[in-house]
Every structure is written in C-alpha cells, then in structure tokens.
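Subject: Structure handover

Hello,

Here is the structure I said I would pass on. My notes on it follow below.

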Amino acid sequence: MKKTLISLLVATLGMTAMAVNAAPSAAELDKLGKDLTPVGAEKAGNKDNSIPAWGGATDKPQGNWTWGQYRGDFSKHKNEKPLFVIDASNVDKYADKLSPGQIAMLKQMKGYQMAVYPSHRDCSYPDFVLANTKSGAAKSKIAADGWSLEDANLPGVPFPVPQAGIEVIWNYLMRYQGVGVEWQSARTTVSPRPGSTGAIAGRFEQSTFYPWGKKGTTTPSQVKGVQQGFFYGFKEPTALAGQNMIQTYFVNKDSETFGYFTGQRRVRRLPNYSYDTPIIGFENQFPNDSIQMLYGNPDRFNWKIVGKKEMFIQYNNFGVVKVDAPLQGTDKPFIDNDLRRYELHRVWVVEGTVKEGVRHSAAKKTFYFDEDSWLVVNSEDYDNQGKLWRHKEAGIYPAWEIGACSNTGTYAMYDFASGRYVTDSNVTGGGKDIRYFVEAEGNPRMKEDFYTAENLRAISDR
C-alpha cells in the first residue's frame, strides 16, 4: 500500500504531535543561532545544494527604491531565468516536491504552469525581533485551554523550536509586519461561475494594526491581549461603497466585529462574523478565516506538526504586488503564470482537524509554513468526506521597509467543488503598493483608538 504524504513525513522525521505544554529542552534552545537560525530554521542547505544555506539577513533593494515603485525592478534576482517549468506533462516527476493542492492545479487547470527559479534564503527579521525571539523562547506559553497565547516577548517568534502544531500557528499569527500594514486601494475578485462571465471585482481600503509590533519588548498582557486591529472599507461595487467594518482579534478570547451599513446608516455588532462565516459581498466564496491564508482564533481545530518537507513555493515573488499587471481573477481560471515565481524551500507541515463537537465547514486543513519566516505559503481544505476542496497559495517577498519578508500581496484560493477562485489583497490592475509601518508615523490607523465602534461611527458616511 502506498504511504500517504503525512505517513512518509512522520516516518522520515520521526515527528509526532506533541503535548501542547511541553517546552523545548535547553539543548534544543541552545541550537538557536548555531545549527539553527535565530528563528529556528535549519541553517544548512540540503544535500544537493538546491536549497542553499541561510543567507543571514533580509534582502535589500538594489538602487534607490522608494515606496510606490515596483519592487521587482529593484530585486537583485530580477534577471534570473527559470531552471525548469512544471506543467501537466511532467508533474509526476516533481510530485514529491509539491503539495496535493499544487498537483491538483497542474493536472486540472489547462495551461497552468509553475516556473522554478534558483532558490535564495534572504528572509530574516530586524535585530530587535531576533533579540525578543531569543529572550522569549523559553518564556512563551500556550494557556491551559490548549490554544490561547498566554505569554511571549513581542515582536518576535514565540516558538522558534515548536513542540506542537498550535505553537507553529501562533508563530504565523504573531509574525512581525511592523506596527501595521495599509492597503490604500486593492481588490478582492471572485471568478465567474463555470460557463458564465459574471466575475466580481470589489475594491477596498484596508489596514491592520499590531499594538505589540513597535520596537522594544511587549507582552500580550501589556496590550490587553489584542492580536490585531482590522479595518475594511468597500469602495466598489456601488451597492457596497461606504460600507465599513472594524474588528479586533485577541490572543485569548473571541473577536469583536462592528459594521457600518449604508442602507441603515448605523453601526451594528456582528457577533458571529468569524471562522468560516462568508465575507459579505462575495457569493459565499470567501470564508473569514481564509483572510491572509490563516486568520482569527485557532481554537476550533486540533493542530499537529506533521513534519518538514522540501517544496516548490512562491518566493522572491514580486509579481504579487505588480500594480501595472492586468487585473487578476476575472478572466482566467488561475493567476497568470508569469506573475508566479517558485523556488525550492523547506516548509513546516501542520495539519488541523476539527475538534469533536465543534462546527466548521472544513473537516481538515493542512498548512505549509516557510521555515525561514514562518509565513504561510500554501494550504488545503478538505471536506467531510476527506476530499480535497480548496487550494490556497500566497507569495513571499521582502518588505524592505520593515527588514522582514511578507506574504500580504495577492493570494488566491481555488475551490475545486465550485470551479471558482478568489484573489484577495490584489493590487493588480491599477491598485497601489501595500504600505508597511515600522512606527505609527502620525497615521491614525496605527493607533488602538481607531479600532473601536465609536470611531467607526465617526469615520463612516451618515
């Protein structure tokens, strides 16, 4: 009998799900900065050097890049050519370096290709983030409920030597992206139903705020357990223009959501607007907890570390923030091949299964985390019959202004059941570059009091 990907990984690496509250040993933590990078990745490359040794610092722009200019024109890798291209004709040759979702895309989507480039390990974090990671590695804790983040030194990677799947999840949820990120003009698109031409292309402005993201050391309790503030405002279509929403997510309790609805001209609390509840305006194709690949409280799943895997993932992929590229998501069944650049990297594989007695439309989820940045690059949803349902994919690129890498550019979710796909954070087709903030810089959206129901009333049209 053929072994599954999961059984192969476990057999190869000898890794099993570990107790949530188990702590890494002093010997394991001592490897940080030695055999391991400061955030827990293997420093060494692989046997054939197709994955190089870790470079030691985040890539810097070549030349005088300023915000608003296309980032790809300033990358030191911009003139590289693909090593090879994977498509339906040779997918089986590379299957051991692909996820089930990637294989399904290559086999089912006519014309879909993955151009593979030389691999570069240019992702790290600023020194103060690395210092917090080191000082907090033995301190970070998951609470007795099995999912809450009880303590950590932030901004930093809470669990650089993870002992359980939930710890990897928090490494991503608490990823350093400065004090916040702003999308001044971006789109969410939903492809047409098969056989039709009725695509959706909503335009929005959006911001996220991380009160623990400022320089220094901050614990979750010092920011009252706030994981992030989130603002979303529709600009298009006309029927939804002016409709705004503010959310606050926490490390230890349910999120709070308030929406301003133009038809009613008032702010309403939305107590159930989380988890797999569909986002308003996108024909039930976009669940809340798929925002930025993985979003919101992770408490409805049991998370297990499956192991590590060498995998082709979108890396140094500036195509996800190429504003002058054609609008993606409206006229093809996938993102253009030339906007996706793949490299071979090692990823952590984490599987989530729905807890007994808890409801979620996806019975199982698998996530793939880049080992150098802890960013999610791929994921799959499975239905109640164990069938592959959705494939999700994001691209990593260096966000030079914060000295770290990001995956907040255009990402896509492919639904094999409906035959449709969603793009989000999509700046193609005339949007604006995504903006990162190391400090508040006088921006009111980089402050706690922006993310309140009272402020939502004040800033919304009446």
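Met293 is buried, with a relative accessible area of 1%; buried means under 20% relative accessible area, exposed over 50%, and partly exposed in between, with a 1.4 Å probe and protein chains only. This is a predicted model, in which local features need pLDDT of at least 70, side-chain atom pairs count only at pLDDT 80 or more, and totals for chains, interfaces and linings use all residues. Residues are numbered from 1 along each chain as its sequence is written, and side-chain values use heavy atoms, with hydrogens and water left out.

Met293 sits in the loop between strand E10 (266-269) and strand E11 (301-314). Helices (H or I, at least four residues) and strands (E, at least two) are DSSP runs, numbered from the N terminus. The phi of Met293 is near 80 degrees, a positive value in a residue other than glycine. Leaving aside neighbours within four places in sequence, the contacts of Met293 (heavy atoms within 4.5 Å) include Tyr172, Phe367, Glu393 and Tyr411. Met293 and Thr408 are 115 residues apart in sequence, and their C-alpha atoms are 9.2 Å apart in space.

Tyr411 belongs to the buried residues of strand E18. This strand (residues 411-415) is mostly covered, since five of its five residues are buried. One side carries Tyr411, Met413 and Asp415, and the other carries Ala412 and Tyr414. E18 pairs in the antiparallel sense with strand E15 (residues 388-393) over four bridges, and with strand E19 (residues 420-426) over five bridges. Two strands pair if DSSP finds at least two bridges between them. Four residues lie between the strands in the hairpin of E18 and E19, where Gly419 takes a positive phi near 75 degrees.

Why is helix H5 largely enclosed by the rest of the structure? Nine of the nine residues of H5 (residues 165-173) are buried. Among them are Val168, Ile169, Trp170 and Tyr172.

Trp170 and Phe369 touch the most other members of the largest nonpolar core, which has 86 residues. A nonpolar core is a set of buried Ala, Val, Leu, Ile, Met, Phe, Trp, Tyr and Cys residues joined through side-chain atoms within 4.5 Å. Not counting residues up to four places away in sequence, Phe369 touches residues including Val168, Ile169, Tyr172 and Trp374. A second, separate core of 23 residues includes Met109, Ala325, Phe334 and Ala412.

Next, some backbone details. The peptide bond from Leu154 to Pro155 is cis, with omega near -5 degrees, and Pro155 is in the loop between strand E4 (149-151) and H5. Glu236 and Pro237 are also joined by a cis peptide bond, with omega about 0 degrees. Pro237 is in the loop between strand E7 (226-236) and strand E8 (244-250). Lys224 has a positive phi, near 55 degrees, and is not a glycine. Lys224 lies in the loop between strand E6 (200-209) and E7, and counts as exposed at 73% relative accessibility.

Regards
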